[in-house]
Amino acid sequence: MMMSFSSLNYSTCTLARMNSHHSHNRTRKSSAFATPPSSIISQTEESRNLANSMENSPLDAASKRPDSSVLLTHKNAIGIIGGLSIGTTLNFMSKLVTWSSKDGGNDIPFVLCSDPVLNKELSLHERGSSSYLTGKNKNILRDHAPVVENLRHKRIFLEKSGARCIVMPCYISHSWHDEVALGSSVPVLHMGECVAKELKEANLRPLEAGSTLRIGVVASDATLSAGFYQEKLQNEGFEVVLPDKATMEHTVIPSLEALNRKDIEGAQNLFRIALQVLVVRAVNTIIIASDDMRDLLPPDDPLLKKCVDPMDALARSTVKFLQSVEGNA
């Protein structure tokens, strides 16, 4: 997958087409994200050539109409709200390409909103959240209004841009999914709901006779405190198993601290212990819902066979939704 993005020093909206071989894209400003006079737009020669090649396209004509803010006229267009990490957003887009290209799938047009201000706000929220183990959840909700307002503005912009569905490939942003999605005219897919439904459809069997199906969840304090994974999994009939206080204090948190010190081996060893504790508690599957934890272990680590990344479920659900839209068109 190749992509060519223009570089801006303000909230960026990227318009693109994405497939497994190449991606045509262009960055444009809109009334939703006004450009300050001091902003500098740096465009590569490749992106200028790609933009010129699209001048006579229906998409370009639609975007030039003064009475229209529609950027995408495709029936399978999606809107993507970037979040805490641009790396996670790009990882999601890569997964989207992978799953959409299976069985000769079509290209996926999309609009991506990536905002450094939002990235910072989400990072501060996650770092400043109190431990879900202490019960001090009031800090989780404190001052989250600006984050929700920022996310809602982007959701509204993507709706007006012609997106047929909207996704937030960010673990922590789903803490306010319902508030962000309120009033939306198009579906705003929920990562927790996507992974819970996939696990339900997998027809898992309890590891212990007579017990319920157990799903473990490992994530940041902020994500666990928000409780949406617990809610979505319980709605599908699963028993949710979280790391206990001792596991968090002696393995999960020290693992992340070791990672911050660049002690990769130490971080991996501690994280393996945390996962093994959940395995001993007879969980069928472990959801790893964290940027830092997601890629901590090597791909061939045996423990990962018990784990799922909800970002995969979100990508697959997005592709399924778009396919259903195309089928009904």
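Which residues of α14 are buried? In this predicted model, in which local features need pLDDT of at least 70, side-chain atom pairs count only at pLDDT 80 or more, and totals for chains, interfaces and linings use all residues, the buried residues of α14 are P310, M311, D312, A313, L314, A315, S317, T318, V319 and L322. Residues are numbered from 1 along each chain as its sequence is written, and side-chain values use heavy atoms, with hydrogens and water left out. Buried means under 20% relative accessible area, exposed over 50%, and partly exposed in between, with a 1.4 Å probe and protein chains only. Helices (H or I, at least four residues) and strands (E, at least two) are DSSP runs, numbered from the N terminus.

- Helix α14 covers residues 310–328, and its 19 residues reach 27 Å from the first C-alpha to the last, close to the 27 Å expected at 1.5 Å a residue, where the expected span is 1.5 Å times one less than the number of residues.
- At the start of α14, a side-chain oxygen of D309 comes to within 2.9 Å of the backbone nitrogen of M311, a polar contact being a pair of N or O atoms within 3.5 Å, of which, within protein, one must be able to donate a hydrogen and the other to accept it, while residues adjacent in sequence count only if both atoms are side-chain atoms.
- The 16 residues of α6 should span 22 Å at 1.5 Å a residue, and the end C-alpha atoms of α6 are 23 Å apart, which agrees.
- Buried residues in α6 include V147, V148, N150, L151, F157 and L158, and the charged side chains K154, R155 and E159 are buried there too.
- After α6 comes G162, with a positive phi near 105°.

**Strands and their pairing**

- An open sheet is formed by 4 strands in the order β7-β6-β8-β9, with parallel pairing; two strands pair if DSSP finds at least two bridges between them.
- Because β7 (239–241) and β9 (307–308) stand at the edges with a single partner strand each, one side of each is left without a neighbour in the sheet.
- Strand β6 (residues 214–219) pairs with β7 in the parallel sense over 3 bridges, and G216 stands opposite V241 in β7.
- Strand β3 (residues 78–81) is covered on both faces, with I78 and I80 buried on one side and G79 and I81 buried on the other.
- β3 pairs in the parallel sense with strand β4 (residues 108–114) over 4 bridges, G79 having V111 as its bridge partner in β4.
- β3 also runs parallel to β5, joined by 3 bridges, with I78 opposite C165.

**The largest pocket**

- The largest pocket holds about 540 Å³ of space.
- Of the 25 residues that line the largest pocket, E126, R127, S220, L256 and D292 are the closest to its centre.
- The largest share of this lining, 7 residues, comes from α11.

**Two buried positions**

- Q230 lies in helix α10 (residues 228–235) and is buried, with a relative accessible area of 13%; a polar atom of the Q230 side chain lies 3.0 Å from the backbone oxygen of L224.
- A163, in the loop between α6 (145–160) and β5 (165–167), counts as buried at 4% relative accessibility.
- A163 and N76 are 87 residues apart in sequence, while their C-alpha atoms are 7.8 Å apart in space.

Notes: 1 Å grid on protein atoms, 1.4 Å probe; cavity = no way out; pocket = protein on both sides within 12 Å on 5 of 7 lines; lining within 4 Å. Points joined across faces, edges and corners; volume = space filled by probe spheres on them.
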